[in-house]
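Please keep the sequence and the structure in view while reading.

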Amino acid sequence: MPLNITQKLIKGHLLSGEMVPGTEIGLKIDQTLTQDATGTMVMLELEAMGLERAKTEASAQYVDHNLIQADSKNPDDHLFLQSATRRFGLYYSRPGNGVSHPVHMQRLAKPGKTLLGSDSHTCANGCMGMLAMGAGGLDVALAIAGEPFYVKMPQVWGIKLTGKLSDWVSAKDVILELLRRHGVKGGVGRVIEYYGPGVETLSAMDRHVIANMGAELGATGTVFPSDEEIKRFLREQDREADWMELHADQGAVYDVNEEINLAQIEPLIAKPSSPGNVVPVTEVAGTPIYQSYIGSSANPGFRDFAVAAEIVKGREVAEGISFDINPTSRQMLTDLVKESHIASLLQSGARLHQAGCNGCIGMGQAPATGRNSLRTTPRNFPGRSGTREDSVYLCSPETAAASALTGEITDPRTLGFPYPQIKEPERPTVDVNLLEKPLPYEEAKTIQLHKGPNIASIPEMDAMPDEMELPILLKMGDNISTDEILAGGARVLPYRSNLPEISKFSFEIIDKTYYTRGKESIASGGHAIVGGMNYGQGSSREHAALAPRYLGLRVALVKDFARIHWQNLVNFGILPLTFVQTEDYDRLNQGDILQLSNLRNSIQQGDEFTIHVKGSSQPIQVKHSLSKRQVEVMLKGGMINWVKDKQKNA
């Protein structure tokens with residue numbers, strides 16, 4: 001039977017289950033990726049497991065989120081991460097080396113391999129012909145320890161690309177077009193696979209841009225073929241030996257089919273406050289802006305910065321505009337300097353920041369209150385920029401640069417001069433100086449973990465009770481993001497390894513009283529929350545499950561979940577339930593008390609059961625989608641307890 005690329009990758013790594021969409025499969029993971037906002041917890045989990053040595057082919061820890069050293073917390077944690085990677089046999093990418101996704105693509109990504117990362121945009125490396133997926137930190141820790149990664153077998157969404165992009169239109173507009181068509185739930189339960197003659201017109205980094213924001217569609221992953229363009233890219237990185245060709249078989253079929261003619265795409269923009277709120281730039285042209293920001297893992301390539309530099313070369317940005325340049329890797333920054341593009345940007349009035357995630361995660365470059373920010377980042381969820389009342393638009397580098405010149409949202413096709421033709425460096429820089437290789441095992445065994453005062457161990461969690469009465473502390477609407485559950489940014493992320501402290505920020509964007517009320521609920525058995533569609537979209541950071549669990553959250557009852565957050569809830573013993581009848585959502589109010597009886601038996605006997613609201617005679621039918629293995633995890637109170645029990649009985 002002819003196979004598409006996704007099916008080939010899954011078949012070659014299948015350890016358990018069958019390739020039937022919707023059923024649980026276990027996959028062998030070849031590589032892992034962690035970043036510092038999630039990696040500290042991963043390293044603590046590896047320590048708790050007693051891991052001697054990483055069992056993957058390559059695992060890398062990047063420092064790209066928490067780069068601001070306002071006090072000792074971030075640098076202390078950087079030293080902890082460095083010591084942990086040396087102890088456990090991982091690569092360590094030092095501060096300033098760049099964003100995990102493009103650096104991993106440059107230095108470690110290999111066609112035909114699986115990659116699991118504790119960052120939702122890990123899917124960006126699908127541009128290399130990999131099955132690259134985001135997951136919670138605990139899932140990644142288990143993969144580093146050699147355990148399978150369990151996920152539901154996705155449908156494969158085949159998207160045929162034809163034609164070629166027009167001038168002033170780039171790869172960012174391609175993924176915005178897909179979001180315009182399908183919104184933030186369009187890829188749920190699917191891997192997006194691109195094929196067709198249009199793929200050949202896209203560079204490796206163009207494909208990275210498109211694959212990166214598959215996360216914004218809710219997709220499990222995004223896959224591109226490994227062709228001559230990927231071979232060229234690896235050759236430039238002195239890694240041609242890592243290349244292998246990977247295409248869909250002749251006659252391969254897809255579960256879902258779509259076609260995009262690249263020549264028909266126009267400049268697009270996502271309005272506040274969702275990546276799915278996409279319209280043509282012409283529809284909002286003339287809207288005044290305060291900030292224009294270029295960079296992030298969603299536009300990390302040399303040409304993304306070079307085209308902006310050429311657009312503003314010899315010109316000045318509009319008065320009062322903050323034109324922020326966020327290089328994505330040290331290697332890329334070196335090339336931009338060599339080709340004089342940084343000089344062009346600075347002479348125009350740009351502000352140059354260090355190579356890292358920076359403003360994308362609210363770590364600096366926050367916009368002014370009540371002003372519009374134009375960004376090439378992947379997300380514009382409320383408050384993610386670091387400003388609570390932010391107004392963030394997502395666009396291409398061409399649109400961002402054009403708008404910086406005019407001071408308002410501008411269709412770059414109206415600038416009145418020819419589209420710049422960008423030449424890649426003849427010999428791109430290859431820089432491995434800030435990527436430390438794993439130590440030999442005998443030396444690694446002697447390394448002691450460096451723990452600063454901000455690191456707190458994960459508290460023990462109890463097993464799931466059989467009877468619970470849980471007040472609903474929050475009732476929320478659709479598309480609640482993990483940034484709203486637990487914000488990122490410079491105030492919050494420095495506490496990523498200190499659960500008691502970071503929990504104080506839980507749901508603060510939605511309800512500032514949640515922390516206090518959550519703490520109070522613990523003595524009486526905890527609480528529940530209720531939500532709408534696509535609950536938990538966005539970041540993979542497991543703190544968005546772990547912190548509410550620490551505050552007593554036992555049940556999340558929603559219309560449906562985003563994949564990674566659903567898995568994180570399971571991992572930390574929070575029972576994820578959905579309504580059988582979605583209209584029952586309207587019957588529940590904040591303050592109602594949910595009664596769950598004979599619960600341990602109920603989740604084992606089937607996927608549907610009945611719960612009650614105290615004081616009401618009308619029951620509510622709920623369901624779960626846990627596998628048999630996940631039911632065991634839930635009964636134990638979470639994955640850590642399950643692993644400990646498994647090791648004890650081994």
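## Aromatic rings

Rings of Phe, Tyr and Trp, the last taken by its six-membered ring, count as a pair if their centres lie within 6.5 Å. The model examined here is predicted, and a search of the whole structure finds eight aromatic pairs. One of them is formed by Trp168 and Phe417, whose rings are 5.9 Å apart centre to centre with 70° between the planes; planes over 60 degrees apart count as edge-to-face, and this pair is therefore edge-to-face.

The two partners come from distant parts of the chain, 249 residues apart: Trp168 belongs to the loop between β9 (155–162) and α6, while Phe417 belongs to the loop between α13 (397–406) and β20 (435–436). Together with Tyr419, Trp168 and Phe417 form one aromatic cluster. Is Trp168 buried or exposed? Its relative accessible area is 7%, and since buried means under 20%, Trp168 is buried.

## Helix α6

Helix α6 covers residues 171–182. At 1.5 Å a residue, its twelve residues should span 16 Å, and the end C-alpha atoms are 17 Å apart, which agrees.

Nine of the twelve residues of α6 are buried, so that the helix is mostly covered. Just after the helix, Gly183 adopts a positive phi of about 70°.

## The sheet β1-β2-β8

Three strands, in the order β1-β2-β8, make up an open sheet with antiparallel pairing. β1 (14–16) and β8 (149–152) are the edge strands, and because each has a single partner strand, one side of each is left without a neighbour in the sheet. From one strand to the next, the twist averages 45°.

β1 pairs with β2 (residues 24–27) in the antiparallel sense over two bridges, and Gly26 of β2 is the bridge partner of Ser16. β2 and β8, which also run antiparallel, are joined by four bridges, with Glu24 standing opposite Lys152 in β8. Lys152 also lies over the face of Trp566, at 4.8 Å from the ring centre.

## Helix α19

What is the extent of burial in helix α19 (residues 563–571)? Nine of its nine residues are buried, so the helix is largely enclosed by the rest of the structure. Just after α19, Gly573 takes a positive phi of about 75°.

Strand β27 (residues 620–623) has a covered face with Ile620 and Val622, and an uncovered one with Gln621 and Lys623.

β27 runs antiparallel to strand β24 (residues 575–579), to which two bridges join it, and Thr578 stands opposite Lys623. Four bridges link β27 to β26 (residues 608–613), again in the antiparallel sense, and here Glu608 is opposite Lys623. β26 and β27 form a hairpin with six residues between them, and Gly615 in the turn has a positive phi of about 90°.

## Another charge over a ring

The charged end of Lys475 sits over the ring of Tyr585, at 4.2 Å from its centre.

Key: Residues numbered from 1 in each chain as written. Predicted model: local features only at pLDDT ≥ 70, side-chain atom pairs only at ≥ 80, totals over all residues. Heavy atoms only, no water. Expected span 1.5 Å × (residues − 1). Buried < 20%, exposed > 50% of the residue type's maximum accessible area, 1.4 Å probe, protein only. Pairing = 2+ DSSP bridges. Axes fitted to C-alpha atoms, helices over the stretch in contact; angles between N-to-C directions. Phe/Tyr/Trp six-rings, centres within 6.5 Å; stacked < 30°, edge-to-face > 60°. Lys NZ or Arg CZ within 6 Å of the ring centre and 35° of its normal.
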